[in-house]
Amino acid sequence: MRTVAVLGGGIGGLAASYYLSKSPQVTKVIVLESSGRFGGWLWSTRRSDGAVFEHGPRGIRPAGAVGRNTLNMVEDLGLADEILPVTYSHVASKNRFLYVNQQLHKMPSGPGGLVQTVPPFSRPLLLSVAMEILRKRGKEEDESIHSFVSRRLGNELADIAIDSLCRGVFAGDCRKLSVRSCFPVLYNAEQSKGSIVLGMMLGSGGGPVVPPGPLAQRSASESWAQWSLTRGVQALPEALSEFLQQSGKVELLRDTTVTQIRASGSGWTIQLEDGVVSADHILSALPAKALSSALPPSCQPIIKLLQDIAMVTVAVVNLEYENNILPVTGFGHLVPSSEDRGLLGVVYDSVPFPEHNRPEGLTTRLTVMMGGAWFQEVFGDPESVSEETLLRRATEAVKNHLGVNAAPSWSRVVLQKDCIPQYYLGHHRRVESMRSFIKENNLPLSLIGSSYDGVSVNDVIFSGRREVEKLLGA
(Lines give C-alpha, C1' and ligand atoms only; values in the text may rest on other atoms or scores of the structure.)
Protein backbone atom coordinates (compact mmCIF):
# COMPACT_ATOMS: atom_id res chain seq x y z
CA MET A 1 0.00 0.00 0.00
CA ARG A 2 1.57 3.24 -1.14
CA THR A 3 -0.68 6.15 -0.14
CA VAL A 4 -3.53 6.33 2.37
CA ALA A 5 -5.69 9.46 2.56
CA VAL A 6 -7.28 10.20 5.93
CA LEU A 7 -10.32 12.46 5.62
CA GLY A 8 -10.76 14.57 8.75
CA GLY A 9 -8.13 15.79 11.19
CA GLY A 10 -10.08 15.39 14.41
CA ILE A 11 -8.93 12.97 17.09
CA GLY A 12 -10.17 9.97 15.04
CA GLY A 13 -8.27 10.92 11.89
CA LEU A 14 -5.11 11.80 13.83
CA ALA A 15 -5.25 8.53 15.79
CA ALA A 16 -5.70 6.46 12.61
CA SER A 17 -2.75 8.30 11.05
CA TYR A 18 -0.68 7.54 14.16
CA TYR A 19 -1.31 3.80 13.75
CA LEU A 20 -0.75 3.95 9.97
CA SER A 21 2.55 5.78 10.40
CA LYS A 22 3.91 2.94 12.53
CA SER A 23 3.38 0.35 9.75
CA PRO A 24 6.12 -0.47 7.22
CA GLN A 25 3.32 -1.42 4.78
CA VAL A 26 2.35 2.24 4.36
CA THR A 27 4.58 4.63 2.43
CA LYS A 28 2.62 7.87 2.74
CA VAL A 29 -0.35 9.21 4.72
CA ILE A 30 -2.16 12.42 3.71
CA VAL A 31 -4.49 13.97 6.32
CA LEU A 32 -7.10 16.33 4.86
CA GLU A 33 -8.76 18.68 7.38
CA SER A 34 -11.32 21.29 6.27
CA SER A 35 -10.89 23.66 9.23
CA GLY A 36 -7.91 25.72 10.29
CA ARG A 37 -6.92 23.48 13.20
CA PHE A 38 -6.45 19.80 14.02
CA GLY A 39 -8.15 18.07 16.93
CA GLY A 40 -11.84 18.48 16.12
CA TRP A 41 -13.98 18.64 19.25
CA LEU A 42 -10.90 18.37 21.52
CA TRP A 43 -10.56 22.12 21.85
CA SER A 44 -9.15 24.08 24.81
CA THR A 45 -8.77 27.80 25.44
CA ARG A 46 -5.54 28.63 27.32
CA ARG A 47 -5.70 32.11 28.73
CA SER A 48 -2.52 34.14 29.20
CA ASP A 49 -3.04 34.12 32.99
CA GLY A 50 -2.84 30.29 33.07
CA ALA A 51 -6.56 29.40 33.16
CA VAL A 52 -7.74 26.57 30.86
CA PHE A 53 -11.29 26.11 29.54
CA GLU A 54 -12.61 23.15 27.58
CA HIS A 55 -15.12 23.57 24.73
CA GLY A 56 -15.63 19.84 24.18
CA PRO A 57 -14.65 16.72 26.15
CA ARG A 58 -12.88 17.47 29.44
CA GLY A 59 -12.26 14.31 31.49
CA ILE A 60 -11.28 11.06 29.73
CA ARG A 61 -12.00 7.72 31.40
CA PRO A 62 -9.12 5.21 31.77
CA ALA A 63 -11.36 2.15 32.23
CA GLY A 64 -11.57 -0.85 29.94
CA ALA A 65 -9.59 -1.88 26.88
CA VAL A 66 -10.31 1.36 25.00
CA GLY A 67 -9.25 3.44 28.03
CA ARG A 68 -5.99 1.52 28.34
CA ASN A 69 -5.41 1.93 24.62
CA THR A 70 -5.64 5.74 24.89
CA LEU A 71 -3.31 5.82 27.90
CA ASN A 72 -0.79 3.67 26.01
CA MET A 73 -0.90 6.24 23.19
CA VAL A 74 -0.58 9.16 25.65
CA GLU A 75 2.50 7.53 27.13
CA ASP A 76 4.05 6.89 23.70
CA LEU A 77 3.54 10.57 22.83
CA GLY A 78 5.47 11.67 25.94
CA LEU A 79 2.49 13.18 27.74
CA ALA A 80 2.61 11.04 30.91
CA ASP A 81 4.06 13.89 32.99
CA GLU A 82 1.16 16.16 31.97
CA ILE A 83 -1.58 13.84 33.24
CA LEU A 84 -4.04 15.24 35.79
CA PRO A 85 -5.71 12.19 37.38
CA VAL A 86 -8.98 12.23 39.31
CA THR A 87 -9.34 9.16 41.54
CA TYR A 88 -12.54 7.34 42.50
CA SER A 89 -12.10 8.62 46.07
CA HIS A 90 -12.06 12.25 44.87
CA VAL A 91 -15.11 14.36 45.71
CA ALA A 92 -15.73 14.92 41.98
CA SER A 93 -16.12 11.16 41.53
CA LYS A 94 -18.26 10.59 44.62
CA ASN A 95 -20.56 13.58 44.31
CA ARG A 96 -22.71 13.94 41.20
CA PHE A 97 -26.02 15.74 41.27
CA LEU A 98 -29.40 15.87 39.54
CA TYR A 99 -31.51 19.02 39.33
CA VAL A 100 -35.08 17.83 39.82
CA ASN A 101 -38.15 19.76 41.06
CA GLN A 102 -36.03 22.91 41.20
CA GLN A 103 -33.61 21.34 43.68
CA LEU A 104 -30.17 19.77 43.59
CA HIS A 105 -30.13 16.12 44.68
CA LYS A 106 -26.94 14.13 45.25
CA MET A 107 -26.97 10.88 43.30
CA PRO A 108 -27.01 7.81 45.59
CA SER A 109 -23.54 6.34 46.14
CA GLY A 110 -22.03 3.65 48.32
CA PRO A 111 -23.95 0.93 50.23
CA GLY A 112 -26.03 3.49 52.13
CA GLY A 113 -27.26 5.03 48.90
CA LEU A 114 -28.54 1.64 47.75
CA VAL A 115 -30.54 0.68 50.85
CA GLN A 116 -32.02 4.08 51.74
CA THR A 117 -34.64 6.09 49.88
CA VAL A 118 -32.69 9.02 48.44
CA PRO A 119 -34.61 11.88 46.75
CA PRO A 120 -35.54 12.41 43.97
CA PHE A 121 -36.24 8.67 43.95
CA SER A 122 -39.27 7.29 45.79
CA ARG A 123 -37.77 3.95 46.89
CA PRO A 124 -34.33 2.43 47.62
CA LEU A 125 -32.33 1.58 44.49
CA LEU A 126 -31.60 -1.84 45.99
CA LEU A 127 -35.24 -2.82 45.32
CA SER A 128 -34.88 -2.01 41.63
CA VAL A 129 -31.56 -3.89 41.46
CA ALA A 130 -32.97 -6.96 43.23
CA MET A 131 -36.03 -7.06 40.98
CA GLU A 132 -33.85 -6.66 37.87
CA ILE A 133 -32.30 -10.10 38.36
CA LEU A 134 -35.79 -11.65 38.11
CA ARG A 135 -36.83 -9.88 34.90
CA LYS A 136 -37.15 -11.90 31.69
CA ARG A 137 -34.62 -11.40 28.93
CA GLY A 138 -35.80 -9.08 26.15
CA LYS A 139 -36.55 -10.55 22.74
CA GLU A 140 -36.08 -7.45 20.57
CA GLU A 141 -33.01 -7.14 18.35
CA ASP A 142 -32.75 -3.51 19.47
CA GLU A 143 -34.60 -1.28 21.93
CA SER A 144 -34.55 2.32 23.06
CA ILE A 145 -32.47 3.02 26.16
CA HIS A 146 -35.57 4.30 27.98
CA SER A 147 -37.60 1.17 27.15
CA PHE A 148 -34.72 -1.14 28.15
CA VAL A 149 -34.13 0.52 31.54
CA SER A 150 -37.86 0.89 32.25
CA ARG A 151 -38.35 -2.81 31.59
CA ARG A 152 -35.42 -3.92 33.71
CA LEU A 153 -35.13 -1.29 36.47
CA GLY A 154 -38.41 0.62 36.47
CA ASN A 155 -39.85 3.82 35.00
CA GLU A 156 -38.55 6.16 37.68
CA LEU A 157 -34.88 5.36 37.07
CA ALA A 158 -35.43 5.62 33.31
CA ASP A 159 -37.34 8.91 33.53
CA ILE A 160 -34.90 10.67 35.87
CA ALA A 161 -31.44 9.08 36.02
CA ILE A 162 -31.12 7.55 32.55
CA ASP A 163 -32.84 10.46 30.81
CA SER A 164 -30.30 12.80 32.47
CA LEU A 165 -27.35 10.51 31.74
CA CYS A 166 -28.18 10.33 28.02
CA ARG A 167 -28.44 14.11 27.89
CA GLY A 168 -25.02 14.40 29.55
CA VAL A 169 -23.25 11.81 27.37
CA PHE A 170 -25.04 12.03 24.00
CA ALA A 171 -26.98 15.32 24.35
CA GLY A 172 -29.75 13.01 23.18
CA ASP A 173 -33.20 11.63 23.89
CA CYS A 174 -33.13 8.23 25.61
CA ARG A 175 -36.53 7.45 24.08
CA LYS A 176 -34.93 7.45 20.62
CA LEU A 177 -31.38 6.27 21.30
CA SER A 178 -30.45 2.59 20.86
CA VAL A 179 -29.33 0.66 23.94
CA ARG A 180 -27.47 -1.83 21.74
CA SER A 181 -25.33 0.88 20.13
CA CYS A 182 -25.07 3.45 22.96
CA PHE A 183 -24.62 1.07 25.90
CA PRO A 184 -23.46 -2.25 24.40
CA VAL A 185 -22.21 -3.40 27.83
CA LEU A 186 -25.77 -3.31 29.21
CA TYR A 187 -27.27 -4.93 26.10
CA ASN A 188 -24.64 -7.71 26.09
CA ALA A 189 -25.07 -8.31 29.83
CA GLU A 190 -28.76 -9.04 29.34
CA GLN A 191 -28.14 -11.15 26.24
CA SER A 192 -25.42 -13.30 27.80
CA LYS A 193 -26.59 -13.58 31.44
CA GLY A 194 -30.25 -12.57 31.27
CA SER A 195 -29.61 -9.69 33.67
CA ILE A 196 -27.67 -6.41 33.76
CA VAL A 197 -26.59 -7.08 37.35
CA LEU A 198 -25.42 -10.65 36.72
CA GLY A 199 -23.77 -9.68 33.45
CA MET A 200 -21.82 -6.86 35.12
CA MET A 201 -20.83 -9.07 38.07
CA LEU A 202 -19.88 -12.18 36.08
CA GLY A 203 -18.74 -10.50 32.87
CA SER A 204 -20.44 -10.95 29.53
CA GLY A 205 -17.29 -12.00 27.65
CA GLY A 206 -15.90 -10.79 24.35
CA GLY A 207 -14.39 -7.39 23.72
CA PRO A 208 -10.90 -6.35 22.66
CA VAL A 209 -7.77 -7.19 24.65
CA VAL A 210 -5.32 -4.32 25.23
CA PRO A 211 -2.36 -5.02 27.55
CA PRO A 212 -1.74 -2.03 29.86
CA GLY A 213 1.48 -0.08 29.57
CA PRO A 214 3.09 1.51 32.68
CA LEU A 215 0.75 4.55 32.61
CA ALA A 216 -2.37 2.38 32.32
CA GLN A 217 -1.05 0.17 35.11
CA ARG A 218 -0.56 3.28 37.25
CA SER A 219 -4.16 4.39 36.51
CA ALA A 220 -5.43 1.02 37.77
CA SER A 221 -3.25 0.92 40.89
CA GLU A 222 -4.19 4.50 41.79
CA SER A 223 -7.91 3.99 40.93
CA TRP A 224 -8.31 6.80 38.44
CA ALA A 225 -11.90 7.63 37.47
CA GLN A 226 -10.88 10.14 34.78
CA TRP A 227 -7.95 12.25 33.66
CA SER A 228 -7.08 15.41 31.78
CA LEU A 229 -3.83 17.15 30.79
CA THR A 230 -2.17 20.22 32.29
CA ARG A 231 -2.62 22.21 29.06
CA GLY A 232 -6.14 20.85 28.47
CA VAL A 233 -7.25 17.91 26.35
CA GLN A 234 -6.24 19.77 23.18
CA ALA A 235 -2.66 18.85 24.12
CA LEU A 236 -3.43 15.29 22.92
CA PRO A 237 -4.19 16.17 19.26
CA GLU A 238 -1.33 18.69 19.35
CA ALA A 239 1.10 15.96 20.45
CA LEU A 240 -0.30 13.62 17.78
CA SER A 241 0.15 16.29 15.08
CA GLU A 242 3.76 16.85 16.17
CA PHE A 243 4.43 13.09 16.20
CA LEU A 244 2.96 12.72 12.69
CA GLN A 245 4.98 15.64 11.30
CA GLN A 246 8.18 14.13 12.68
CA SER A 247 7.39 10.64 11.31
CA GLY A 248 8.44 11.60 7.79
CA LYS A 249 5.46 9.66 6.38
CA VAL A 250 2.53 11.95 7.08
CA GLU A 251 1.47 15.11 5.28
CA LEU A 252 -0.96 17.25 7.33
CA LEU A 253 -3.14 19.60 5.27
CA ARG A 254 -5.52 22.03 6.99
CA ASP A 255 -8.05 24.40 5.36
CA THR A 256 -8.48 21.62 2.80
CA THR A 257 -12.08 20.69 2.03
CA VAL A 258 -12.87 17.46 0.20
CA THR A 259 -15.59 18.19 -2.40
CA GLN A 260 -15.80 14.91 -4.33
CA ILE A 261 -14.37 11.39 -4.27
CA ARG A 262 -14.13 9.37 -7.50
CA ALA A 263 -13.01 5.80 -8.10
CA SER A 264 -9.78 5.74 -10.09
CA GLY A 265 -8.17 2.43 -11.08
CA SER A 266 -7.67 0.48 -7.86
CA GLY A 267 -7.86 3.60 -5.68
CA TRP A 268 -9.44 7.04 -5.46
CA THR A 269 -9.13 10.54 -6.88
CA ILE A 270 -10.03 13.07 -4.20
CA GLN A 271 -11.20 16.42 -5.49
CA LEU A 272 -10.36 19.37 -3.25
CA GLU A 273 -11.51 22.99 -3.52
CA ASP A 274 -8.15 23.88 -5.04
CA GLY A 275 -6.57 20.67 -6.29
CA VAL A 276 -6.59 16.89 -6.50
CA VAL A 277 -5.11 14.10 -4.33
CA SER A 278 -4.75 10.45 -5.38
CA ALA A 279 -4.79 7.61 -2.84
CA ASP A 280 -4.79 3.82 -2.80
CA HIS A 281 -7.11 3.76 0.22
CA ILE A 282 -9.31 6.21 2.11
CA LEU A 283 -9.91 6.18 5.87
CA SER A 284 -12.84 8.53 6.42
CA ALA A 285 -13.09 10.13 9.85
CA LEU A 286 -15.58 12.68 8.50
CA PRO A 287 -19.03 13.04 10.07
CA ALA A 288 -21.47 10.73 8.27
CA LYS A 289 -23.33 13.49 6.41
CA ALA A 290 -20.10 15.14 5.23
CA LEU A 291 -18.90 11.84 3.76
CA SER A 292 -22.30 11.22 2.13
CA SER A 293 -22.04 14.44 0.11
CA ALA A 294 -18.56 13.57 -1.20
CA LEU A 295 -19.04 9.92 -2.25
CA PRO A 296 -19.71 9.05 -5.93
CA PRO A 297 -23.20 7.93 -7.16
CA SER A 298 -21.94 4.33 -7.34
CA CYS A 299 -21.98 4.37 -3.52
CA GLN A 300 -25.67 5.30 -3.31
CA PRO A 301 -26.57 2.50 -0.83
CA ILE A 302 -23.96 3.84 1.62
CA ILE A 303 -24.91 7.48 0.95
CA LYS A 304 -28.51 6.83 2.02
CA LEU A 305 -27.40 5.05 5.21
CA LEU A 306 -24.92 7.83 6.08
CA GLN A 307 -27.66 10.44 5.69
CA ASP A 308 -29.81 8.53 8.19
CA ILE A 309 -27.30 9.19 11.01
CA ALA A 310 -28.59 12.32 12.77
CA MET A 311 -26.38 14.87 14.55
CA VAL A 312 -27.17 17.35 17.32
CA THR A 313 -25.84 20.82 18.13
CA VAL A 314 -24.68 21.76 21.63
CA ALA A 315 -24.07 25.25 23.03
CA VAL A 316 -21.08 25.16 25.40
CA VAL A 317 -20.85 28.18 27.70
CA ASN A 318 -17.67 28.54 29.79
CA LEU A 319 -18.01 30.78 32.83
CA GLU A 320 -15.52 32.03 35.40
CA TYR A 321 -16.60 33.53 38.72
CA GLU A 322 -14.51 35.23 41.39
CA ASN A 323 -14.19 33.24 44.66
CA ASN A 324 -15.78 29.87 45.44
CA ILE A 325 -19.44 30.29 44.55
CA LEU A 326 -20.57 26.64 44.68
CA PRO A 327 -23.15 25.62 47.33
CA VAL A 328 -22.15 21.95 46.83
CA THR A 329 -18.93 20.22 45.82
CA GLY A 330 -18.81 17.57 43.10
CA PHE A 331 -18.41 16.93 39.39
CA GLY A 332 -21.55 18.79 38.38
CA HIS A 333 -25.25 18.28 37.85
CA LEU A 334 -27.44 16.97 35.05
CA VAL A 335 -30.99 18.03 34.27
CA PRO A 336 -33.68 15.60 33.05
CA SER A 337 -35.75 16.65 30.04
CA SER A 338 -38.88 16.79 32.22
CA GLU A 339 -37.27 19.61 34.24
CA ASP A 340 -35.81 21.79 31.47
CA ARG A 341 -35.57 20.56 27.89
CA GLY A 342 -32.97 23.12 26.79
CA LEU A 343 -30.54 22.88 29.73
CA LEU A 344 -28.54 19.63 29.66
CA GLY A 345 -26.25 20.13 32.64
CA VAL A 346 -23.58 22.14 34.44
CA VAL A 347 -20.02 20.90 35.04
CA TYR A 348 -18.18 22.29 38.07
CA ASP A 349 -14.81 22.29 36.26
CA SER A 350 -12.84 23.74 39.18
CA VAL A 351 -13.63 20.71 41.36
CA PRO A 352 -12.10 17.85 39.32
CA PHE A 353 -9.39 20.02 37.72
CA PRO A 354 -8.41 22.93 40.03
CA GLU A 355 -5.06 22.97 38.19
CA HIS A 356 -6.89 24.68 35.30
CA ASN A 357 -7.91 27.65 37.47
CA ARG A 358 -5.79 30.77 37.09
CA PRO A 359 -2.97 30.61 39.67
CA GLU A 360 -3.67 34.07 41.17
CA GLY A 361 -6.79 34.48 43.30
CA LEU A 362 -9.66 32.11 44.06
CA THR A 363 -12.00 31.45 41.14
CA THR A 364 -14.69 28.96 40.10
CA ARG A 365 -14.91 27.67 36.51
CA LEU A 366 -18.21 26.22 35.26
CA THR A 367 -19.41 24.88 31.92
CA VAL A 368 -23.10 25.04 31.03
CA MET A 369 -24.25 22.74 28.20
CA MET A 370 -27.48 23.40 26.34
CA GLY A 371 -29.54 22.24 23.39
CA GLY A 372 -28.63 18.87 21.95
CA ALA A 373 -31.67 17.00 20.62
CA TRP A 374 -33.83 19.91 21.89
CA PHE A 375 -31.81 22.76 20.36
CA GLN A 376 -34.23 23.72 17.56
CA GLU A 377 -37.27 23.36 19.82
CA VAL A 378 -35.85 25.64 22.54
CA PHE A 379 -33.45 28.02 20.78
CA GLY A 380 -34.50 27.88 17.12
CA ASP A 381 -32.13 27.70 14.14
CA PRO A 382 -28.47 27.35 15.29
CA GLU A 383 -27.48 29.68 12.45
CA SER A 384 -29.52 32.56 13.85
CA VAL A 385 -29.33 32.20 17.65
CA SER A 386 -27.22 34.92 19.28
CA GLU A 387 -24.34 34.41 21.72
CA GLU A 388 -26.08 36.91 24.04
CA THR A 389 -29.19 34.69 24.20
CA LEU A 390 -27.13 31.60 25.04
CA LEU A 391 -24.99 33.42 27.62
CA ARG A 392 -28.09 34.88 29.32
CA ARG A 393 -29.73 31.43 29.46
CA ALA A 394 -26.54 29.89 30.93
CA THR A 395 -26.06 32.53 33.64
CA GLU A 396 -29.77 32.30 34.55
CA ALA A 397 -29.33 28.55 35.05
CA VAL A 398 -26.32 29.09 37.32
CA LYS A 399 -28.32 31.64 39.32
CA ASN A 400 -31.44 29.46 39.63
CA HIS A 401 -29.75 26.09 40.15
CA LEU A 402 -26.79 27.14 42.30
CA GLY A 403 -28.02 30.36 43.91
CA VAL A 404 -25.24 32.44 42.35
CA ASN A 405 -26.28 36.11 42.10
CA ALA A 406 -22.87 37.42 41.04
CA ALA A 407 -22.13 37.98 37.37
CA PRO A 408 -19.31 35.95 35.81
CA SER A 409 -15.98 37.76 35.52
CA TRP A 410 -15.26 35.99 32.19
CA SER A 411 -17.31 34.01 29.71
CA ARG A 412 -17.08 32.34 26.33
CA VAL A 413 -19.90 30.91 24.21
CA VAL A 414 -19.08 28.22 21.65
CA LEU A 415 -21.78 26.73 19.43
CA GLN A 416 -20.69 23.19 18.53
CA LYS A 417 -22.78 22.52 15.43
CA ASP A 418 -23.60 18.90 14.58
CA CYS A 419 -21.08 17.69 17.16
CA ILE A 420 -22.60 14.46 18.50
CA PRO A 421 -24.03 11.66 16.31
CA GLN A 422 -27.28 10.11 17.51
CA TYR A 423 -27.38 6.30 17.45
CA TYR A 424 -31.10 5.77 16.94
CA LEU A 425 -32.79 2.35 16.86
CA GLY A 426 -31.22 0.08 14.24
CA HIS A 427 -27.89 1.97 14.19
CA HIS A 428 -25.88 -1.28 14.38
CA ARG A 429 -27.71 -2.57 11.29
CA ARG A 430 -26.95 0.61 9.35
CA VAL A 431 -23.25 0.38 10.18
CA GLU A 432 -23.14 -3.35 9.35
CA SER A 433 -24.85 -2.68 6.00
CA MET A 434 -22.35 0.05 5.09
CA ARG A 435 -19.35 -2.10 5.91
CA SER A 436 -20.88 -5.10 4.09
CA PHE A 437 -21.37 -2.98 0.95
CA ILE A 438 -17.75 -1.81 1.16
CA LYS A 439 -16.50 -5.38 1.55
CA GLU A 440 -18.70 -6.91 -1.16
CA ASN A 441 -17.66 -4.24 -3.67
CA ASN A 442 -13.97 -4.35 -2.66
CA LEU A 443 -13.98 -0.61 -2.05
CA PRO A 444 -10.67 0.71 -0.67
CA LEU A 445 -12.56 2.61 2.03
CA SER A 446 -12.68 2.41 5.84
CA LEU A 447 -15.16 4.18 8.14
CA ILE A 448 -13.90 5.49 11.47
CA GLY A 449 -14.94 8.09 14.01
CA SER A 450 -17.87 8.96 16.22
CA SER A 451 -20.56 8.38 13.57
CA TYR A 452 -20.22 4.60 13.81
CA ASP A 453 -18.66 2.85 16.82
CA GLY A 454 -19.02 5.06 19.90
CA VAL A 455 -18.90 8.79 20.64
CA SER A 456 -16.34 8.90 23.48
CA VAL A 457 -12.74 10.00 22.86
CA ASN A 458 -11.57 6.48 23.73
CA ASP A 459 -14.06 4.86 21.32
CA VAL A 460 -13.07 7.17 18.47
CA ILE A 461 -9.34 6.54 18.96
CA PHE A 462 -9.89 2.80 19.16
CA SER A 463 -12.07 2.75 16.04
CA GLY A 464 -9.11 4.27 14.18
CA ARG A 465 -6.79 1.59 15.50
CA ARG A 466 -9.20 -1.26 14.72
CA GLU A 467 -9.83 -0.18 11.12
CA VAL A 468 -6.09 0.34 10.49
CA GLU A 469 -5.41 -3.19 11.81
CA LYS A 470 -8.13 -4.60 9.53
CA LEU A 471 -6.65 -2.75 6.58
CA LEU A 472 -3.13 -3.96 7.24
CA GLY A 473 -4.14 -7.49 8.18
CA ALA A 474 -2.80 -7.16 11.72
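# A walk through the predicted model

Counting every salt bridge (a side-chain nitrogen of Lys or Arg within 4 Å of a carboxyl oxygen of Asp or Glu) gives 30 salt bridges. The structure is a predicted model, in which local features need pLDDT of at least 70 and side-chain atom pairs count only at pLDDT 80 or more, while totals for chains, interfaces and linings use all residues. Residues are numbered from 1 along each chain as its sequence is written, and side-chain values use heavy atoms, with hydrogens and water left out.

One of the salt bridges joins the side chains of Glu251 and Lys28, at 3.4 Å from N to O. The two residues of this pair are 223 residues apart and link distant parts of the chain: Glu251 is in strand 9 (residues 250-253) and Lys28 in strand 2 (residues 28-32).

Glu432 is partly exposed at 38% relative accessibility, and Arg429 is partly exposed at 41%. Arg231 and Glu238 form another salt bridge, with 3.7 Å between the closest N and O atoms. Salt bridges also link Arg47, Asp49, Glu320, Glu322 and Arg358 in a network.

The next topic is the interior. Helix 1 (residues 11-21) is mostly covered, with eleven of its eleven residues buried. Among them are Ile11, Leu14, Tyr18 and Leu20. Leu20 also belongs to the largest nonpolar core, which has 43 residues; Leu20, Met73 and Leu236 touch the most other members. Helix 1 gives the most to this core, with seven residues. A nonpolar core is a set of buried Ala, Val, Leu, Ile, Met, Phe, Trp, Tyr and Cys residues joined through side-chain atoms within 4.5 Å. Leaving aside neighbours within four places in sequence, the contacts of Leu20 (heavy atoms within 4.5 Å) include Val4, Val26, Leu283 and Leu471. A second, separate core has 32 residues, including Ala92, Leu326, Val351 and Val385.

Two packed helices are described by the angle between their axes and the distance between the axes. The axes of helix 6 (residues 145-153) and helix 7 (residues 155-170) come within 8 Å and cross at roughly 140 degrees. These axes are lines fitted to C-alpha atoms over the stretch in contact, and angles run from 0 to 180 degrees between N-to-C directions. On the side of helix 6, the contact is made by Ile145, His146, Val149, Ser150 and Leu153; on the side of helix 7, by Asn155, Leu157, Ala158, Asp159, Ile162 and Cys166. The residues of this contact divide into seven nonpolar, three polar and one charged. Here Ala, Val, Leu, Ile, Met, Phe, Trp, Tyr, Cys and Pro count as nonpolar, Asp, Glu, Lys and Arg as charged, and the others, Gly among them, as polar.

Two single residues show opposite surroundings. His356 lies in the loop between strand 16 (343-347) and strand 17 (363-372), and is buried at 3% relative accessibility. Beyond neighbours within four places in sequence, His356 is in contact with residues including Gly50, Leu84, Thr230 and Arg365. Gln376, in helix 15 (residues 375-379), is exposed at 52% relative accessibility.

The last topic is the backbone. Most residues other than glycine have a negative phi, and most peptide bonds are trans. The peptide bond from Pro119 to Pro120 is cis, with omega near 15 degrees; Pro120 is in the loop between helix 4 (110-115) and helix 5 (125-132). Asn101, which is not a glycine, has a positive phi near 55 degrees. Asn101 is exposed at 60% relative accessibility. Ala171 also has a positive phi, of about 50 degrees, but is buried, with a relative accessible area of 2%.

Key: Buried < 20%, exposed > 50% of the residue type's maximum accessible area, 1.4 Å probe, protein only. Helix = DSSP H or I, 4+ residues; strand = E, 2+ residues; numbered from the N terminus.
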